[in-house]
Amino acid sequence: MKLKKNYVTQLISVLTFIGIFINSYSVVWADLSSEKSTEQLNQMALDFNTYHLVGDITVNNPAYHITSQWMIDFKNKIHPKYFLLNSHLKIISSNVKLKIDKTWNSKTTTKWLIEEKLLTKNNAKTHTLNTTTTTATTATTTATAANIDSNSDYNTNRNSNSNGNSNSNGNSNSNSNNTTSGDSQDNENDNENDNIKSKLKLEISGLLNDLPNDGESIGYVSDQGLCLMGSTYWFPVFNDAYYTYQIKVTLPKLWNIFTQNHAFNANKNNDSLSSGPTPEQSHEENNHQVIFNQTTRQEEIILIAAPFKTYKKTQGGVSIQVWLKNDNPELAKNYLDLSAEYIEYYSKVIAPYPYSQFIIIENSWETGYGLPSATLLGPTVLKLPFILKSSLPHEILHNWWGNSVYIDFETGNWSEGLTTYMADHWQQSVAKKDAQYRQAALLSYSKYINKENDFPLRDFKAKHNEGTQAIGYNKSMMLFHMLKYNWGDDVFYQGMQDFYNSNKFKRASFDDIKNSFKNLTTNPKEIDIFFDQWVNQKGAPHILIDHVTKTSETNNANETTNAVEIKIKQKSNSKNLYWHLNIPINYYKNDLLITAEKVKIKPTPTVQNHKTLTKENINQITIDQNFDLFRILSPDEQPITLSSLFSAKKITLVTAFEKSLTQGFLDPIKNKIESKYFINIKNLDKIKKKLPSDHLVVLGNTPEIRDFLAEQLGFYKSSPLKITDTGIVYKNQTYLFTESDIVFSFKGFSKDQRGPQIFWFTSPLTDGLKRWSNRLTHYGKSGILIFKSGQNVIVQDSLTPANNPLVISL
């Protein structure tokens, strides 16, 4: 997943991480505006939005105390109106110092607002210092918070009076009566602004120790290493700015160091692992010092370091590396080989890889972060076998989408959907499972989105839950699939190449993508309509077949012509919203595909007719059988998957296990899903008399349970599963109960109402249910899972009900 200053922290379609642990921080806010209009300031911010920062970062071992000092030389006419300096330093030390040193020319009036917030576990206090100065000399404001620990108050001596005088521990005095009118200065001579030059110095010092046992972190410095990212606010942060930088880093001697497009290996015997422009370096007794120069503008500054075990491979001039906490050559080789393949592939279909390195870095907590020229994966995530074919290509592709073409979040996050399509969906297409993948994406939208929580793609910023993922990832992914499906592979890849080359290291929007495609089509208006309805319009269409007729005629030459007429209509899950659609329709004769069409229908709820003539005697029609169109799935199109269970509002439970084992199975699931559902535990005899209408969970494989499940499966024309006394038979393969964990989901049967969705779980291990129920949310798109001896999954599948309303027999 692509990360930004506010870090979107979710492993794609695999992991959901919860809990944000930001316990205490300091904030300095400085208003650097001169007396200019808002329009002028906004334009200046657009014209001058790249800043070069010079930093000096030192970690003192063994205390792991960090000092971060920064200098910015301003050479612009004017500065952006707002300048944010955030230091989310956890207040553990007795001294946290925030220092600002500013110099202005004599013709400029400056207004400063310094607001410090020191939040501890038990209290939160805010103190504000307002100063207004007109000066040509250097004024220094120092704010010191002393004697702060997890239980103490903010003990600084600060008072303000009504005429603007302010006294603080830093001995800073200012009087608003000395202010010179900004308007009169501007009228005197605007050219004076050309002489404005200023410096800003910031010093942050303290302990940063937000290393969680679970959930997320804003960053940390400890004996395990160092992790500083945009969300740490460890460097001066301008609103909507880019950065180039030079940082001098002094760290413990054995630590490897990463920053964007640069890496330094502390192992003297293997310095060839260093990548990017060669850093300057020097060594001291217990530390080494490295200077990195970043000349490609970035959206943030990232610094990661630890005593890693390192592995390297070079492919096409790119240094591919794996940094692990412990030796694991086999794991490293898998990542190196596949990373090389993915980088080579994307370099061909989009553009050359934008950085000189790609590093897979093992983190200290569970993450799936995509960083410029790296990915930061948690220790458990790193070892999951499916990560190599899902998250790894996803995070590599983010180096094109999100980490070199940046996201204009104000107009919608396009990057996650495009990356999902060109990485996750691409991998599924290689495995010939892309139709099932799209079906799962549509199922997610159908399950989790309703009138109350729906929103258009332009409003998607980041994933927060299953609903936002259903739109920001799945609907967006389908937009790009429809773009390729409607206009073809050549146009799609040419458009993506143009979009990338036109916006490299700039922020881009859905409109920029649209403009790259308009130049490639004969009817640009169709591109406008396409993007407008899928980006700016919420909701999704629901396709209905109103009526199908087939007639035949014989001409004078005794030739028979068959005419198939289809009456199609669409309805919407949003009031009065309809779509221009290209609906795929396939025509079959005895399971042989005769012809395929894309039928255009207009954005209206009225019935629309389409007629096809053929010499063949068509006996079956399928509508969008490969799920190429983003739409609402009808209930009988929806496969039975675990995602349905996770979104359930009511569950009926039958269990053959004792209470503690049953509860051990339920707790992890309840903790990972949104619905506060009601669980009703019943015995099997009551269930047989009256089946529930919603979700039925069955735990165990007693003879009574096996008989009940076999009876329910007997209502299928061709039973997908056979249950014996010793195991199950699925697709002609036998799996014994003594060595297999089994999850099987299917639609039950009830004579007087719709049958329930049945979920059967069984394990031969005493703690089996509890041990792998934690993993079930990783498999929400599947309804059939078989684990070998509680370990790797060996079967992953799902069933679809037989009565599909978009499959018509004639």
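**A tour of the charges**

Start with helix α14, residues 703-713, which supplies three residues, the largest share of the negative patch. Keep in mind that this is a predicted model.

**Stop 1: the negative patch.** Select Asp685, Glu704, Asp707 and Glu711. These four gather on the surface as a patch of negative charge. Now pick out Asp685, which sits in helix α13, residues 684-689. Asp685 has 55% relative accessibility, so it counts as exposed.

**Stop 2: the positive patch.** Select Lys650, Lys682, Lys686, Lys689 and Lys690. Here the surface carries a patch of positive charge. Lys650 belongs to strand β37, residues 650-655. Is Lys650 buried or partly exposed? Its relative accessible area is 38%, so Lys650 is partly exposed.

**Stop 3: a pair along a helix.** The chain has 17 salt bridges in total. For one of them, select Lys348 and Glu344, whose closest N and O atoms are 3.8 Å apart. Both lie in helix α3, residues 329-349; because they are four residues apart, about one helical turn separates them. Lys348 is exposed, at 63% relative accessibility. Glu344 is partly exposed, at 37%.

**Stop 4: a pair across the chain.** Select Glu616 and Lys589. They form a salt bridge, with 3.3 Å between the closest N and O atoms. This pair links distant parts of the chain, 27 residues apart: Glu616 is in the loop between β35 (608-614) and β36 (620-623), and Lys589 is in strand β33 (residues 581-589). Glu616 is partly exposed at 32% relative accessibility. Lys589, with a relative accessible area of 30%, is also partly exposed.

**Stop 5: a buried pair.** Select Arg631 and Glu637. What is the distance between the closest N and O atoms of this salt bridge? It is 2.9 Å. Arg631 has 1% relative accessibility and therefore counts as buried. Glu637, at 3%, counts as buried too.

**Stop 6: a network.** Select Asp511, Lys514, Lys518 and Asp528. Salt bridges link these four into a network.

**Last view: the whole chain.** Zoom out and colour by secondary structure. The chain has 15 helices and 47 strands. Of its 810 residues, 54% count as buried. Among contacts between residues at least 6 apart in sequence, 71% join residues at least 24 apart. Switch to the surface: the chain exposes about 35,000 Å², and carbon and sulfur atoms supply 46% of that.

Key
Residues are numbered from 1 along each chain as its sequence is written. This is a predicted model: local features need pLDDT of at least 70, side-chain atom pairs count only at pLDDT 80 or more; totals for chains, interfaces and linings use all residues. Side-chain values use heavy atoms; hydrogens and water are left out. Patches are made of residues with over 30% relative accessible area and no salt bridge: like charges are joined within 9 Å, nonpolar side chains (Val, Leu, Ile, Met, Phe, Trp, Tyr) within 5 Å. Accessible areas come from the Shrake-Rupley method with a 1.4 Å probe; for residues, only the protein chains shown count as cover. A salt bridge is a side-chain nitrogen of Lys or Arg within 4 Å of a carboxyl oxygen of Asp or Glu. Lys and Arg count as positive and Asp and Glu as negative; His and the chain ends are not counted. The place of a charge is taken as NZ of Lys, CZ of Arg, CG of Asp or CD of Glu. Helices (H or I, at least four residues) and strands (E, at least two) are DSSP runs, numbered from the N terminus. Buried means under 20% relative accessible area, exposed over 50%, partly exposed in between (1.4 Å probe, protein chains only). Contact means heavy atoms within 4.5 Å.
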